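Subject: Handover of a structure model

Dear colleague,

Please find below the structure that I am passing to you. My notes on it follow directly after.

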Amino acid sequence: MMCVDHVGGIGSSISELRRVWLDAGFFVTEPEVLMAVDPVTHQHASLGQPSCHVIFEHGKIELTAV
């Protein structure tokens, strides 16, 4: 049986995305900047893309601002 781990929502403002879901009564994590690891230097680098999650018992919705 296959199941979906998460789906995503994209917008221009992470605070606005988060506010909409909070106002609807959902639990939403605090935003954090997504990071990547450089495969050569192994240093962490910001992707310049904040993200937070709407958490459910099974799965989540990832909200990302670009």
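I begin with Arg19, which is partly exposed, with a relative accessible area of 38%. In this message, buried means under 20% relative accessible area, exposed means over 50%, and partly exposed covers what lies in between, for a 1.4 Å probe and protein chains only. Please note that this is a predicted model: local features need pLDDT of at least 70, side-chain atom pairs count only at pLDDT 80 or more, and totals for chains, interfaces and linings use all residues. Residues are numbered from 1 along each chain as its sequence is written, and side-chain values use heavy atoms, with hydrogens and water left out.

Salt bridges

The structure holds three salt bridges, a salt bridge being a side-chain nitrogen of Lys or Arg within 4 Å of a carboxyl oxygen of Asp or Glu. Arg19 takes part in a salt bridge with Glu16, at 2.6 Å from N to O. Both residues lie in helix 1, three residues apart, about one turn of the helix. Glu16 is partly exposed, its relative accessible area being 38%. Arg19 also meets Asp23 in a salt bridge, at 2.6 Å from N to O. Asp23 and Arg19 are four residues apart in helix 1, again about one turn of the helix. Asp23 counts as exposed, because its relative accessibility is 55%.

What of the burial of the two partners, Arg18 and Glu30? Arg18 counts as buried, because its relative accessibility is 16%, whereas Glu30, at 56%, counts as exposed.

The sheet and the helix

Helices (H or I, at least four residues) and strands (E, at least two) are DSSP runs, numbered from the N terminus. Two strands are taken to pair if DSSP finds at least two bridges between them. Four strands form an open sheet in the order 1-4-3-2, with mixed pairing. Its edge strands are strand 1 (6-11) and strand 2 (32-37), each of which pairs on one side only. Neighbouring strands of this sheet are turned by 40 degrees against each other on average, direction ignored. For such angles, axes are lines fitted to C-alpha atoms, for helices over the stretch in contact, and the angles run from 0 to 180 degrees between N-to-C directions.

Strand 2 and strand 3 (residues 44-55) run antiparallel and are joined by five bridges. Glu32 stands opposite Ser51 in strand 3, and Ala36 has Ala45 in strand 3 as its bridge partner. The hairpin of these two strands has six residues between the strands, and His42 in this hairpin takes a positive phi near 65 degrees.

Strand 3 and strand 4 are likewise antiparallel, with five bridges between them. Here Ser51 stands opposite Thr64 in strand 4. In the hairpin of strand 3 and strand 4, four residues lie between the strands, and Gly59 takes a positive phi near 100 degrees.

Helix 1 (residues 14-23) lies across strand 1, strand 3 and strand 4 (60-65), and runs at about 150 degrees to strand 4. Contact means heavy atoms within 4.5 Å.

Aromatic pairs

The structure holds two aromatic pairs. The rings of Trp21 and Phe26 have their centres 5.0 Å apart and their planes at 65 degrees, so this pair is edge-to-face. Rings of Phe, Tyr and Trp (its six-membered ring) pair if their centres lie within 6.5 Å; planes under 30 degrees apart count as stacked, over 60 as edge-to-face and the rest as tilted. Trp21 is partly exposed at 23% relative accessible area, and Phe26 counts as partly exposed at 33%. Phe26 also forms an edge-to-face pair with Phe56, at 5.9 Å centre to centre and 75 degrees between the planes. This pair links distant parts of the chain, 30 residues apart: Phe26 is in the loop between helix 1 and strand 2, and Phe56 is in the loop between strand 3 and strand 4. Phe56 is partly exposed, with a relative accessible area of 36%. Ring pairs link Trp21, Phe26 and Phe56 into a cluster.

Yours sincerely
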